[in-house]
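User: I would like to go through this structure with you, one topic at a time. Could we begin once it is on screen?
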Amino acid sequence: MSANELIANLDKLGDEFLSVIQPLSDEQAIRAAQAQFLGKKGKVSEVMKELSKLPPADRPLVGAAVNKVKQTIEEQVCRRLGELTALAAKADLARVVDVTLPARPVPQGHLHLLTQVRLEAVQIFSELGFVVADGPQIETDWHTFEALAIPKDHPARDMQDTFYLSEEIVLRTHTSPVQVRTMLTQAPPIRIVAPGHVYRRDDDPTHSPMFTQIEGLAVDEGLSFADLKGVLIHFVSRFFQKELTVRLRPSYFPFVEPGAEVDMQCSFCGGSGCRLCKGTGWVEIGGAGVVDPDVFAHCKIDSEKYTGFAFGMGLERMAMLRHGVNDIKFYYEGDVRFLEQF
Ligand code: PHE
């Protein structure tokens, strides 16, 4: 082939490439076509093989034509790829948006069931003149046990129940130390409730190592066991929104005398007996009693002048009874499917 023929062929290759890539609409196909022309065994290389057969004087001209066609092909690739990007962007813009479609719901959070129950309990007691008192969860042994007349050998001090941080510091096992802190800082008349977390070495479907209690304490002249019972009956009736009664079953807590376990009439069956109350018609909700003079002595309150009553209830239990929650773990797992029901 002569130099002129080769140059004509090269020009044709440029035109041919253009017609090959124009219909292509994805980058991969364009790159493949590029390789077909410019690759080692591509069409342009085939023409270049002829170059060595030419007289040396003709070679620069043809060489220049090769470079030109290479450049043309590269430019066409760039141009076509640019076109495709622009087309894609335009298609994106033109996508129809149906503004009448309903919006996707935005999930809305709310207070945790236990928080709701705690606020409600506080509200009910506040109607009777109780105010909220607070105390630390990391508490001294003295406030938790000693001042509450719990002797060293009492089962509540057993290592099984109490998390000891040191000899003198514990995670409070009940909210009763708030009684002590209140009586040490306030003069009677006292009426407080103290909701908060407590800790015990306990773990099964009805017990968690951390749970929530609400403590109540009233100290005044002339308070009696009957006042305690009245407050508890008012509380359960308001909390469960039906008339329920309370039974005080004699029991022992070192810091009250007399002391009692508080049972309430089963809110599910109304007392006729069901699975929840194990057929008895009663469910236990806490402990209560008349403040022991020993505790008053520790807190420098005159037990000749004042009497008082105290109670402590488990809030998880209250929520369980009202909402039929059957495993205490549900409260703490943070599973939205559980939480959103309340
Ligand atoms: N603190 C006791 C407990 O956690 C409950 C209680 C409170 C009992 C107040 C009597 C008076 O078991």
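User: Leaving aside neighbours within four places in sequence, which residues is Ser 45 in contact with?
Analyst: This is a predicted model. In it, Ser 45 is in contact with Phe 37, Leu 38, Gly 39 and Lys 40, once neighbours within four places in sequence are left aside.

User: And where does Ser 45 sit?
Analyst: Ser 45 belongs to helix α3, which covers residues 43-49.

User: Is Ser 45 buried or exposed?
Analyst: Ser 45 is buried, because its relative accessible area is 17% and the cut-off for buried is under 20%.

User: Now the ligand. How many residues surround it, and which are the closest?
Analyst: The ligand is surrounded by 14 residues, and the closest are His 174, Ser 176, Arg 200, Gln 213 and Gly 312.

User: What polar side-chain atoms lie by the nitrogen atoms of the ligand?
Analyst: His 174 has a polar side-chain atom 2.9 Å from a nitrogen atom of the ligand. For Ser 176, a polar side-chain atom likewise lies 2.9 Å from a ligand nitrogen atom.

User: Which ligand atom lies 2.9 Å from a polar side-chain atom of Gln 213?
Analyst: That is an oxygen atom of the ligand.

User: How much of the ligand does the protein bury?
Analyst: The protein buries 91% of the 330 Å² that the ligand exposes when taken alone.

User: Which pocket does the ligand take up?
Analyst: The ligand takes up the space of the largest pocket. Two or more residues of the shell around the ligand come from each of β5 (210-220), β8 (282-291) and β9 (307-314). The largest share, three residues, is that of β9.

User: Moving on to α7, which of its residues are buried?
Analyst: Helix α7 spans residues 177-185, and its buried residues are Pro 177, Val 178, Gln 179, Val 180, Thr 182 and Met 183.

User: What covers them?
Analyst: The cover over the buried residues of α7 includes β2 (138-140), α6 (141-144), β4 (190-199), β5, α9 (293-298) and β9.

User: What about α10, which residues are buried there?
Analyst: In α10, residues 315-323, the buried ones are Leu 315, Glu 316, Met 318, Ala 319, Met 320 and Leu 321. Gly 324 follows α10 and has a positive phi, near 70°.

User: What is phi for Ala 149 and for Gln 241?
Analyst: Ala 149 has a positive phi near 60°, and Gln 241 has a positive phi near 55°. Ala 149 lies in the loop between α6 and β3 (169-171), whereas Gln 241 lies in the loop between α8 (225-239) and β6 (246-251).

User: Are they buried or exposed?
Analyst: Ala 149 counts as buried, because its relative accessibility is 16%. Gln 241 counts as exposed, because its relative accessibility is 67%.

User: Last topic: how far apart are Arg 79 and Glu 139?
Analyst: They are 60 residues apart in sequence and 76 Å apart in space, C-alpha to C-alpha. Arg 79 lies in helix α4, residues 59-94, and touches Leu 18 and Gln 22, not counting residues up to four places away in sequence.

Key: Residues are numbered from 1 along each chain as its sequence is written. This is a predicted model: local features need pLDDT of at least 70, side-chain atom pairs count only at pLDDT 80 or more; totals for chains, interfaces and linings use all residues. Side-chain values use heavy atoms; hydrogens and water are left out. Helices (H or I, at least four residues) and strands (E, at least two) are DSSP runs, numbered from the N terminus. Buried means under 20% relative accessible area, exposed over 50%, partly exposed in between (1.4 Å probe, protein chains only). Contact means heavy atoms within 4.5 Å. A residue is near a molecule or strand if one of its heavy atoms lies within 4 Å of it. A polar contact is a pair of N or O atoms within 3.5 Å; within protein, one must be able to donate a hydrogen and the other to accept it, and residues adjacent in sequence count only if both atoms are side-chain atoms. Accessible areas come from the Shrake-Rupley method with a 1.4 Å probe; for residues, only the protein chains shown count as cover. On a 1 Å grid over the protein atoms alone, a cavity is a set of points where a 1.4 Å probe fits but cannot get out, and a pocket is an open set with protein on both sides within 12 Å along at least five of seven lines; lining residues have an atom within 4 Å of a point. A molecule sits in a cavity or pocket if more than half of its atoms lie within 2 Å of its grid points.
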